[in-house]
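Please read the following report beside the sequence and the three-dimensional picture. It moves from aromatic rings to charged side chains, and then to chains and domains.

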Amino acid sequence: MTLLDVKDLRVSFGETRAVDGLSFSLERGRVLGLVGESGCGKSVTSLAVMGLLNGATTSGEIWFDGQELLGSDRRAVRRLRGDRLAMIFQDPLSSLNPYYPVGFQIAEAYRAHRRTSRKQARAIVVRMLDRVGIPEAERRARDYPHQFSGGMRQRVMIAMALCLEPELIIADEPTTALDVTVQAQILALLDTLRAEYGTAVLLITHDLGVVAGTADEVVVMYGGRAVERGEVHALFEDPREPYTRRLLAAVPRIDRPVPDRLETL
Amino acid sequence: MALGAPLITALTGQSPTEFHPEAIDPALGGLPKGPWGGISAEHPLGVEPATGRDVLARVVWGARLSLLISLLATLLATTIGTVLGLVAGFQGGWADMVIGRLMDLLMSFPSLIFMIALMSVAPDGNRELMLVAVLGLFGWPYIGRIVRGQAMALAGREFVEAARVLGATRRAILFREVLPNLTGPILVVATLSIPGYIATEAGLSFLGVGVRPPTPSWGQMIASAVPWYAADPVYFLVPGLFLLVTVLAFNVVGDALGDLR
Amino acid sequence: MSGKRVLVALMIGLAGVASGCGQGGGTAAAPQGTAGAKAGVLHVLASIDLEHLDPARNYVTSSMDVGRLIYRTLTTNAAAPGPAGGEIVPDLATDLGTPTDGARTWTFTLKEGVKFEDGRPITSKDIKYGVERTFAPEFPEGPPYARMWLRGGDTYKGPLNGEGLKSIETPDDRTIVFRLNRPVADFGSAVSMPFFAPVPKDKEAGVAYDNRPFSSGPYKIEKFEPKKRIELVRNEHWDRSTDTVRKGLPDRIVIDLNLDPAVIDQRMIAGQGEDANAVQFEPIGAASVAQVLTNPALKERLVTGESINTRFLSLNTSRKPLDQVKVRQAIAYALDKEALRTVRGGPIAGDIATALLPPAIPGHRKEDPYPADVAKAKALLAEAGFASGIDLVLDAPATPGGKAQGEAIQASLGRAGIRVKINEISSSAFWSTVGNASQQHDLVIDGWTPDWTGASTYLPNVLDGRFIVKQGNQNRAHYDSTEVNKRFDEIAAMTDAAAAATAYGELATRIMRDAPVVPFLWDKSAFLTGGNVTGAYGHVAFVGRVDLATVGLKSAR
Amino acid sequence: MIVYLLKRLGAAAAILLVICALTFTIFYIAPDDPAQKACGKACTPERIEQIRDQLGLDTPIPEQFASYVRGIFAGRTYGTGSTAVECPFPCLGFSFQTNVPVQELLVSRLPVSASIAVGAAVLWLLVGVGAGVLAALRKGSWWDRTAMGAALGGISLPIYLTALVLQYLLVVVFEVLPYPRAVGLLEDPAGWFASMLMPWIALAALYAGMYARLTRTELIGVLSQNFVRTARAKGLPERTVVRRHALRPTLTPIVTVFGMDLGALLGGALITESVFGLPGVGKLAADAINSSDQPVILGVTLFAAAFIVFANVVVDLLYAVLDPRIRLGAS
Amino acid sequence: MTPLLEAEGLVKRFPMRHPLTRRVTGHLTAVDGVSLTVRRGETLGLVGESGCGKSSTARLITRLAEPTGGTIRFDGRDITTMGEATLRPVRRDLQMIFQDPFSSLNPRMTVEAILSAPFRYQGLKPEPGQIAELLRRVGLRPEHAERLPHQFSGGQAQRIGIARALALHPKLVVCDEPVSALDVSVQAQILNLLRDLQEEFELSYVFIAHDLGAVRQVCGRIAVMYLGTVVEIADRDELFAHPAHPYTAALLAAVPIPDPRIERARPRVVLSGDLPSPANPPSGCPFRTRCPRAAERCALERPTLAEGAPGHRVACHFPLDTSLGLSRDGARRAGPRPAKGAP
């Protein structure tokens, strides 16, 4: 069953076309990898889905669980946001408000959509923090973002995104700012939780390796368009488009003999 | 307008210091004859009460002085502020500490009171240069602080490291690599500080420690207009509005320069 | 020698404005109304500071005006507008004193029932102690007469070290005898000065006495915030029946100090709220003249006062080229007195001075030896060998008024080729600077108010060459003529007051031939009173300020 | 933290000491003799000597400075014997012209300056920050442009011009307000308010412009921060996003600027007080300068500097309290 | 022949200050006893995660930072304490390429000025056409000389940075994360370019990156850093085939491979916990807090870099590879992560 259906999405900032006729769809509980190099329009797409684009001209259709988002009024989209579709950003430090304890920020997300007492919300926060692997969750909930390491901050962001058990998580380069070993931890965590909650994920990344390990389906973007899309194994094993092929070849890999020269576009 | 002062006064044939007893009414305390502060063809902006001096001539000569003093003060403050700010921001360490403390110190002065005190005990030499010196002395830390911050940010940029790796001397880095990147902010800060100096100079003259009479200055004119504001409002409005417009103009220009960057 | 009284009038610059309104030119108006409630709060709005209230140090007209509320003296000026105020009447004493021994011994008897603020009677010993205090080097501001005239005064150093002055005798509590070293015909006038006020020995507080002098008058100090406000309340022990001068009408007098002169003018013009119960302490400013004179309702509230102050420009004859009489005369011809008067407020500020002695002083002669004549000034300069003009430096106080007068002098002398550079001197240091021979320049904006109506405390003070001193000098023209000096001694020895007055008049004419000073203004004063104020008039002894001792409120609101 | 506070206070005291020394020096290297200025009109050589003795001017300058500084902490006595004047702690000098210890003058003037400063501060915070927030939220709108134009105008207004125009219009022409006078808040609240209104407006016009611009710039900056995007992504109402997430980071730097400005104003609004004739600390300074009452100028300078310097310390601490990153230290 | 660069026991400590009080609250040891040699013509790779001290090491080698301890010999000379003036001629032979292609170019200078700066700062003058030749050599056109940095793409800007480093024909170029700010396709170009230039100019590189793939592509020998120390150093193929240090193994295991079949099938060591703070490093082995094989000894004794196989040195009490002749006793292999089923 299709959860998210983007049809002919076009986004431009003034004269600049960021997304130029992009279409894709995502089933419930599945992971869609949106890959491409910087400037290909993948992040703009994620913000467009969330309704967080400012100062942009948008056209096309974004269907979420049978509801068209682009044409809906802002309040309706706002109510969906955080509740049924949540987002994880690239840089967890700047994405958390430095002035409030992380527990408060998670509780705030929860209480924006559910009527609960502070106490109940606190309990949920502690449970979520515990769930994403933050030790001493009770105490750490009172700490401020700058008191956490990069990986821990991203765990906080995941807790915040998952606390309302959304149907869709948009993860925009969730591990780019992290080291590989931490990236592995976070990807593993996301994977576990996703399976547990049955959440669909729109994974936006430039890292083909991450996509290969995580996504069910892949959309390769270039210049605001989808160059190629397909099931992950099929796409990696037999890329149809020259762009995809070259992109794959350009990655220096550790599992193959070292080539004399890398393939370039 | 400031440069045109001699021209304008030549054109109207009015001297800023000549008394015109015929334009005022001594029986009414020297109130200008005629409405609107004695505005007439001969005196387009009226005359000064009690003396009958031509207001236009005094305003334009006052502009000349105000602008000259504030521009020179800006130049002085910008030069000191840029050099010391660069050194402090780039060098760091004890130079930063010494310069930083100096800036803290100067910014902790109740500068207006202190400037007045300084001017009031100052020897009766060249008041204009004294004003420039005093304004510059207390003005540079504000520019210095901004330059320091920017220089610090730039000092961490990789192109500075690149220059060091290439064997550039400290001086070359400061003046060839860092300074050109600061011209923008310095220009904006300098432009925005001009109106401050104009206003402060006028303020000092207003409080009676600025330039010496009979040299006209806006602050002095406004100060002497204070007692007259009820009887002859035109007399304080004219220099006041000139001052406002000039200050505003510099602020607008500075603002626009800031937006451009 | 000190002549303080003139100074305040000069300092306040533009404020020196006087009558000239419809109420009758030279003669002062009668006090407004007569009835006054013995109640209410009178407000006094002053743009100046009170200098010293300690009677030993009180020697400026503004402080003397306030002092008259707080302490009484052996004699005092009559409470009357116009020249009548110059008359000296008994105060603590029963009469104007009895001279004996050719006016070398003066005896006064105190009235009965006069009391201090704590109810104790005022005795002759208190007066003696008050006078002795003025000899203390700690209190140098007072006039020099006691030191000059009392026997032993030249070596006496005041009572603070426990020593008394033998030439003041107190045979009983009500009698006081002064033994002088020379005949002084007007000693009875001299004892009207504050330093002949009683001070109880046990209230001695050194310099701190200045902030809280002990009251013998109708009011005592309740609160004094220097440079801001002084609040006086009724002294319950003052008995009106012993005092022919003071009325003691309001319950309370609040004097606001250091206000902006323009603000005072505008507040008085508006006259709202408690300002209806206010009087203005200083003359209205030039800028307010037009508003007042063109508004009949305001004119009604305008009070004018006489003054015996003469303003002049001192020419430093010890400096070249002012040592040449022709140069000095050229300045006298070139000076635009009208412009100088205009920057001070125009006709309301006073009459243009043509001679040394003002009309209010006996001996005045109607003459104008140097009418304005720029051509003649130029010619005289050329004759003196300065056809291309001369450069002079003018000492002027760094006040708005000082600047304005300086510019007027600069502009008018400039017409004759006399280029004047203004040297601004901070107002507090002005008199000590121009009184310092090494710091004084060519021209000084100067002036003098005699201590009482008469030339005897005026002409010798400023023009006797033997009084030229290095510091604290008052002969700022550095004028030293053997002939004139000799004549001063002759006149001082005269016992006939009328003859002496005439002689001073003639001498003044003689002096002006040398033009050591150029008189330009004989002051007058005009000030506004609130609508509820009554009994206000300008007193000649206080350069035309309101006589605070008689002002009252129509109704106590 | 306590060590830090003590250190900061020590540094503040050091700055004040240097300011004090500089001001002190300036007066004593000035061409005019301070004794001559204090001497007044009846100035005889003996009198000058006496003043020198009483004010301690006959000792070397460093010694005079030392006794001045000692006097601040321990009080001192000027002169000896009958001329002795007690100047108790904290002695900021003795005004020979008024016969009063300088600190007494300052204490009697502070309420007026404080009334002006605090009232104006409230006004400009409300107007300036309010206008700035609205302008930032409606960036580019006519409101934004009008408000920012007005702000620029406000910044450009010389205070004496504003003051005179206000006084001319409100008092002379329309007669809606009385001339300002020094009335205590407790004595006569209505009169106090009426007297203070114009000084407040005149000062606030200047500062509100600055604060509006500052607020706008800061808020626009904060609104583009990632955490604001996060707050929106949570589905918070825009009002909550602005109020809770954007305003606090915006106001933190403003609070510090505000502390400095208020500190400077408490030390006397010289021009404002002079023009409106209100006897605050600034007016005291202006009067002292006019009459060259050097001990008062020195005292006011030090007093005003103390406000600025200590405002600096307070502001730094406040910043630490407001910003958890500083309060808790870096991880 | 002496090695081109010999660093011996390099230490770099920074004082840490409280953000408000500026009081020194501790010391951060960014580099903690690093010894490295670079032979002529070779490329030494330095890998590790952020905060491991690799960039600090680069700055020490190029004398952009003053070492707290240790010595640096370059081309036979001790440059550890050389003054700026003495160092200046040495700098011709010791150049650097930076991470951020834009930040490393002065935005106010034209390319022409940027590329003549090396000459100017050395008191030289570029010969006519030399700048154009440089540009051509890094794959840009001569007319680019008149442009300003912001008119270029990231890859082009990095080429300018490379041209600047090569202008004076240095012997050693320290490349500090030269490709990490670039997209994969551009990254490949730059890596190829660096390799081409190495041959042409007979360069030695110190190549710093966190991306193991890129390091593997260009380096002959690789040193792995963790918390300021080198934990393992070996020839490229040896390192990738037989990682001996548990950290190296974990690092290799964490690199995602862009092939779903391999990626999903391979066992993976997921390290637990975070990088300890360099201000407060653990006792003994710096890696023991996250090491799946940690034993009591690790907390007590700091392992030193010991040579097992020839040229393969590792600082571990319990290395993984038996070929290094060390015991596997007590070592716990992390269980493989359950492989994901095919969709």
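In this predicted model, the count of aromatic pairs over all chains comes to 32. One of them is formed by C:Phe108 and C:Phe178, whose ring centres lie 6.0 Å apart with 75° between the planes, an arrangement that is edge-to-face. C:Phe108 belongs to strand 5 (residues 105–109) of chain C and C:Phe178 to strand 7 (residues 175–179) of chain C, so this pair ties together parts that are 70 residues apart in sequence. C:Phe108 counts as buried because its relative accessibility is 0%, and C:Phe178 likewise counts as buried at 0% relative accessibility.

Another aromatic pair joins C:Tyr145 and C:Trp149, and here the rings are stacked, with 5.1 Å from centre to centre and 25° between the planes. Both C:Tyr145 and C:Trp149 lie in helix 4 (residues 145–149) of chain C, where they are four residues apart, or about one turn of the helix. C:Tyr145 has a relative accessibility of 5%, and because buried means under 20%, this residue counts as buried. C:Trp149 is buried too, with a relative accessible area of 7%. When the ring pairs are followed from one residue to the next, they link C:Trp106, C:Phe108, C:Tyr145, C:Trp149, C:Phe178, C:Phe187, C:Phe195, C:Phe196 and C:Trp452 into a cluster.

Rings can also be considered together with charged groups. In chain A, the charged end of A:Arg140 sits over the ring of A:Phe148, at 4.1 Å from its centre. In chain E, E:Arg147 lies over the face of E:Phe152, at 5.8 Å from the ring centre.

Side chains of opposite charge can pair when their charged atoms come close. The count of salt bridges over all chains is 88, and the table gives some examples.

| Salt bridge | N to O distance |
|---|---|
| A:Arg28 and A:Asp65 | 3.0 Å |
| C:Arg174 and C:Glu112 | 3.8 Å |
| D:Glu238 and D:Arg232 | 2.9 Å |
| A:Asp260 and E:Arg195 | 2.7 Å |

Where do the partners of the salt bridge between A:Arg28 and A:Asp65 lie in chain A? A:Arg28 is found in the loop between strand 2 (16–27) and strand 3 (31–35) of chain A, while A:Asp65 is found in the loop between strand 4 (57–64) and strand 5 (67–68) of chain A, so the pair ties together parts that are 37 residues apart in sequence. A:Arg28 is partly exposed, with a relative accessible area of 35%, and A:Asp65 counts as partly exposed at 25% relative accessibility.

The salt bridge between C:Arg174 and C:Glu112 links distant parts of the chain, 62 residues apart: C:Arg174 lies in the loop between strand 6 (168–172) and strand 7 of chain C, and C:Glu112 lies in the loop between strand 5 and helix 3 (124–133) of chain C. C:Arg174 counts as partly exposed at 32% relative accessibility, whereas C:Glu112 counts as exposed at 61%.

How many salt bridges are counted between chain A and chain E? The count is four. The contact takes 46 residues from chain A and 43 residues from chain E. The area buried between chain A and chain E is about 3,900 Å², and carbon and sulfur atoms give 54% of this area.

Chain C can also be viewed by its domains and helices. This chain is divided into domain 1 (2–70 + 233–303 + 526–553) and domain 2 (310–523), and the centres of these two domains, taken over C-alpha atoms, are separated by 29 Å. Helix 13 (residues 427–434) of chain C is mostly covered, with eight of its eight residues buried; among them are C:Phe430 and C:Trp431, together with C:Ser427 and C:Val434.

Notes
Residues numbered from 1 in each chain as written. Chains lettered and ligands numbered in written order. Predicted model: local features only at pLDDT ≥ 70, side-chain atom pairs only at ≥ 80, totals over all residues. Heavy atoms only, no water. Phe/Tyr/Trp six-rings, centres within 6.5 Å; stacked < 30°, edge-to-face > 60°. Helix = DSSP H or I, 4+ residues; strand = E, 2+ residues; numbered from the N terminus. Buried < 20%, exposed > 50% of the residue type's maximum accessible area, 1.4 Å probe, protein only. Lys NZ or Arg CZ within 6 Å of the ring centre and 35° of its normal. Domains from an automatic or database assignment. Contact = heavy atoms within 4.5 Å. Buried area = accessible area lost by both parts, 1.4 Å probe. Salt bridge = Lys/Arg side-chain N within 4 Å of Asp/Glu carboxyl O.
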